[in-house]
Every structure is written in structure tokens, then in C-alpha cells.
Amino acid sequence: MKGLLFIFLILVIVSHSLCARITPTAEYGGGGSTFDVSKYGAIGDGNSDDTEAFLKAWQEVCASQDNPTLIIPKNKTFFLQPLRFQGPCKCATLKVELSGTIIAPKNMEDWKWAEDKETAWIRFEGINGLVVNGEGQINGQGAPWWKEYPNDESKRPSAINFVGCEGLTISNLTHYDSPRNHMGISSCKEVSISNLKMIAPDDSPNTDGIDIAHSSNIIIKDSTFTTGDDCVAINTGSSFINITGVFCGPGHGISVGSLGKNGEQAEVEEIYVKNCTFTGTSNGARIKTWEGGNGYARKITYEDIEFIEVKNPIIIDQRYNPKIYNDDGKGVAVSDVTFRNLHGTSIKDPIQLKCEPTISCINIVLDNINITRIDKGKSHMLYTN
């Protein structure tokens, strides 16, 4: 009897170890348990509310220790109300395979929020080793929100937020028409994002592609952002962000900030943007901070960038909102910034450095810059300090 008990304990330990050793970047062909939302009552006709079926399936996925996969099948459209996929989960790695389409409520009045109203339509929280991929589509149906609240993004939800997720992998998805930013990454570590498409009209307000905050060790690569605001916005608490092979436009560029709003403390460092193309954007390589803020934005590099008819290709703006400018000597310190091997065409002056009088900009390097105005007007480097 003691021998059998010993063998049983060994099997339990081995089983747990196999689960724990799976890495976030592992391949998933054939192994592990699968949980198809259709088996939990999801209809997928684009009209029936499939929210509860998704949550039932998620509960079993999250409780599984067998390398689980949540299946959202192709050739179906699943209508979802705001929902939260909550961790922590049992296994060290789990997957969401999105092959079909998920859509938000079409009309604002049809959204059914929980009592603790979320700021996102779909939220993944506290899930380590999460892999979200597939050839599916995500449609936030944002048009009514843009019309109702064109100047108040705080009243519009994001499409998808990832909060407190470590070892996160996101790939191969297409996002349309978020009411606000398409994806938020907050308080996450070790994140790999690739082969995404994010699409919204160029006049849709605040429809950023990806917003990052309080997160570190993030890779974004080989993706296309065609939106009405920043393709990627890097906000406070962010460090070691690597963005490469991104096509941006229309939109507002790849921005560090805005930082320091309402006197807030900003901390951003080790940002590297390489081999990206900006087409018809209002800005390109941009750092933007508010007057009266605190903290720093430092060790930032934009390298090997192409601009095609970009309004403001290179811009540092420490006076992001001049309407509330106050010359009190406070500001977010911007330092150790390199722009290297940047070329293409601009609509306005290629380089604008708008530095706060007291804090200033320190150690800004411009190396091999070749940007031509399309109107053949004389180009200037605008510098104010």
C-alpha cells in the first residue's frame, strides 16, 4: 500500500512539473485539452448573446492542468457583451485560439455592463503564460461611441485590455473599429506581439492601436496599424519596449506619451523603434509631455525609419497642451534620445524640438537624417527652448 501511495505521489509531481515547464512560446499542435465555446452553448450567428457560454468554457480552461486551449471556431460570428477572463489559472500556459469573429454590441444602449463597470469590452486579467492567436477578427463596433463622445475618450471603452499578465503572446489577429484604443497592455511583463492588423477610419477619435503602461520587456513586430490616433503609445511605467517592422498610417505615429498630465510622475526608459514605415501620418517619431509634469523619458531610439508624406516626422514636444502652459520650471525630463537613419518626405518641417525652457531636452542625437518636404519648400529644424 505504501508503494502504491509513493507511485501516486510521484505521478502527481511529474504531472505538475510537465505543466509548469511549458513555455509561453511553445507550439501547440495536437497536445492538451481543447474547450470549444460551441460545446458550451455559443451559437455564433452574430445575434445571439454568447457571453455566458464563453465564460463557462473559460472556467474549465482556467481550471485545467492539461495545456488547455479555448477554441473560438471559424465561420461563425459570436456576439459578446463586456466580459472578463480572470486568472490566475492552474496551468503555466494556456491558449485562446480565435479562428472566428467576435463582435461587440452595435448600439451603445445595448451594452450591458457589470456593476463594477469595466473600461474595456474584453479584459484578460492575472493570467500568466497566455497565448492568444488565430486568423480571426475582433470588431468593437465603435462608430456610435465616436459620434456620441468625439471629444471625451474617458466615456468610451477600449476593445481589449490585458492586465497583470506575464509571459503573454498575441499574434495573427485583425482588430476593427474599437470605441477607444484597440488594445491595452497594463502591468504586464515579457510580452510578444506580432502579425496584428488594427483598422479604424483616420478620423475616428483616440482609436490607438496599442497602448502600453506600467509594463516591461515588450516586443511588437511585423504588424500594421491603420487608425485614427497613435499606432503605438508608450505611457508611464514602461521600459524595455522593442518595436520593429511596423507599418503605421494613417494615424498619429509611434509615440512616447503623453506623459506628465495633471502633474503626474512619468517614468519611461529603454525604448527602441526600428525598421518601421510611416505613411500619411500626422506624426512619426514623437515624444510628448505635458507642462507641470514630473519624472523622465530617457534612453529612446528611433532607427532605420521611412516617412512617406508625414506631417511631423520627428517631434519632441514638451509643451503638449499649450492652452494650460505654466512656466513654473516643472516638466518631464527628456534625455538620451537618438534619431538615426531616418529618411523620406514630410509635409511640414521635418524636425521639431519644442523643449520646455527650464527642464530642456538633453543629449538629443540626430544622425543621418534625410527628409525632404514634398512642396519643395525650404526645410528647417524648429527648435524652441
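Buried means under 20% relative accessible area, exposed means over 50%, and partly exposed lies in between, with a 1.4 Å probe and protein chains only. The model is predicted: local features need pLDDT of at least 70, side-chain atom pairs count only at pLDDT 80 or more, and totals for chains, interfaces and linings use all residues. Residues are numbered from 1 along each chain as its sequence is written, and side-chain values use heavy atoms, without hydrogens and water.

**Figure 1. The whole protein chain.** The protein chain has 3 helices and 29 strands. Helices (H or I, at least four residues) and strands (E, at least two) are DSSP runs, numbered from the N terminus. Of its 385 residues, 50% count as buried.

**Figure 2. The aromatic pair F124 and F162.** The structure contains 11 aromatic pairs. F124 and F162 form a stacked one, with 5.1 Å centre to centre and 10 degrees between the planes. The pair joins distant parts of the chain, since F124 is in strand β8 (residues 120-125) and F162 in strand β11 (residues 158-163), 38 residues apart. Rings of Phe, Tyr and Trp (its six-membered ring) pair if their centres lie within 6.5 Å; planes under 30 degrees apart count as stacked, over 60 as edge-to-face and the rest as tilted. Both F124 and F162 are buried. Together with W58 and F85, these two residues form one aromatic cluster.

Figure 3. The unreviewed UniProt entry lists H252 under "active site". UniProt positions are in the numbering used here, feature names are shortened, and annotations may be inferred rather than shown by experiment. H252 is in the loop between β20 (238-248) and β21 (254-259). With a relative accessible area of 26%, H252 is partly exposed. Leaving aside neighbours within four places in sequence, H252 is in contact (heavy atoms within 4.5 Å) with G228, D229, D230, S282, N283 and R286. A polar atom of the H252 side chain lies 3.3 Å from the backbone oxygen of G228.

**Figure 4. The loop residue K112.** K112 is in the loop between β7 (101-103) and β8. K112 counts as exposed because its relative accessible area is 57%. Apart from neighbours within four places in sequence, K112 is in contact with Q81 and P82. L83 is 29 residues from K112 in sequence and 9.6 Å from it in space, C-alpha to C-alpha.

**Figure 5. R298 and the ring of Y296.** R298 lies over the face of Y296, 3.7 Å from the ring centre. A charge sits over a ring if NZ of Lys or CZ of Arg is within 6 Å of the ring centre and within 35 degrees of the ring normal.

Methods
A polar contact is a pair of N or O atoms within 3.5 Å; within protein, one must be able to donate a hydrogen and the other to accept it, and residues adjacent in sequence count only if both atoms are side-chain atoms.
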